[in-house]
Amino acid sequence: MLGVGAVAGLAGWWWSSRRESAPPFGADAATSGFVDLEGKARSLAEWDGRVRVLNFWATWCAPCREEIPALVLSRNKLLPSGVEFIGIAIDQASKVVEFVRSVPISYPVLVAGAPALELVRQLGNPSGGLPFTVVLNAQGDIAHRNLGAVTQEKIETQVRGVLAG
């Protein structure tokens, strides 16, 4: 697992070092380069006003793949409370589509490249390691950051704490 994290961190460093400039966090970073599995441009602002769980992952990341079923179960439990989970895949769209065919994901999945790595860093993960999960309150403030795979119990406890306020 340590080796996977190191590889993910190095991949993030390499990818970000190839970028000319990084957009500031805010509307530009939250809307740049995100598309859904049908190729439609999407914005994280679509879920403003809701508690959001942003899960950054990749198909090549074993811990990412392992935590997805727990995230699906948590999303199904917490959606009636106004919570939305959003998967942000830092990967090739074709690989993500293929993965989702074999592992159904009930929450929205967005595909992104380098803009997502900058967003990961701005959200408090300077290494760019995956998986990385952030819980945002309804105002968009960061309530919790999780580097590495999360369990169903951990994410539900964090989200319920945010909902209780």
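In this predicted model, strand E2 (residues 51-57) and strand E5 (residues 132-136) run antiparallel and are joined by 5 bridges. On its other pairing, E2 meets strand E3 (residues 83-90) in the parallel sense, over 7 bridges. Between E2 and E3 the chain passes through helix H3 (residues 62-78), and this β-α-β crossover is right-handed. Asn55 has a bridge partner in each of these strands, as the table sets out.

| E3 (residues 83-90) | parallel, 7 bridges | Gly87 |

How many of the 7 residues of E2 are buried? The count is 7 of 7, and both faces of the strand are covered, with Val51, Val53, Asn55 and Trp57 on one side and Arg52, Leu54 and Phe56 on the other.

A search of the whole structure finds 1 disulfide, formed by Cys61 and Cys64, whose sulfur atoms lie 2.3 Å apart. The torsion about their S-S bond is about 80°, and the disulfide is therefore right-handed. Cys61 has a relative accessible area of 0% and is thus buried, and Cys64, likewise at 0% relative accessibility, also counts as buried.

Helix H5 (residues 114-122) has as its buried residues Ala114, Ala116, Leu117, Glu118, Leu119 and Val120. After H5 comes Gly124, which has a positive phi, near 110°.

Technical notes:
Residues numbered from 1 in each chain as written. Predicted model: local features only at pLDDT ≥ 70, side-chain atom pairs only at ≥ 80, totals over all residues. Heavy atoms only, no water. Buried < 20%, exposed > 50% of the residue type's maximum accessible area, 1.4 Å probe, protein only. Helix = DSSP H or I, 4+ residues; strand = E, 2+ residues; numbered from the N terminus. Disulfide = S-S within 2.5 Å. Pairing = 2+ DSSP bridges. Right-handed = clockwise from strand over helix to strand, strands pointing away.
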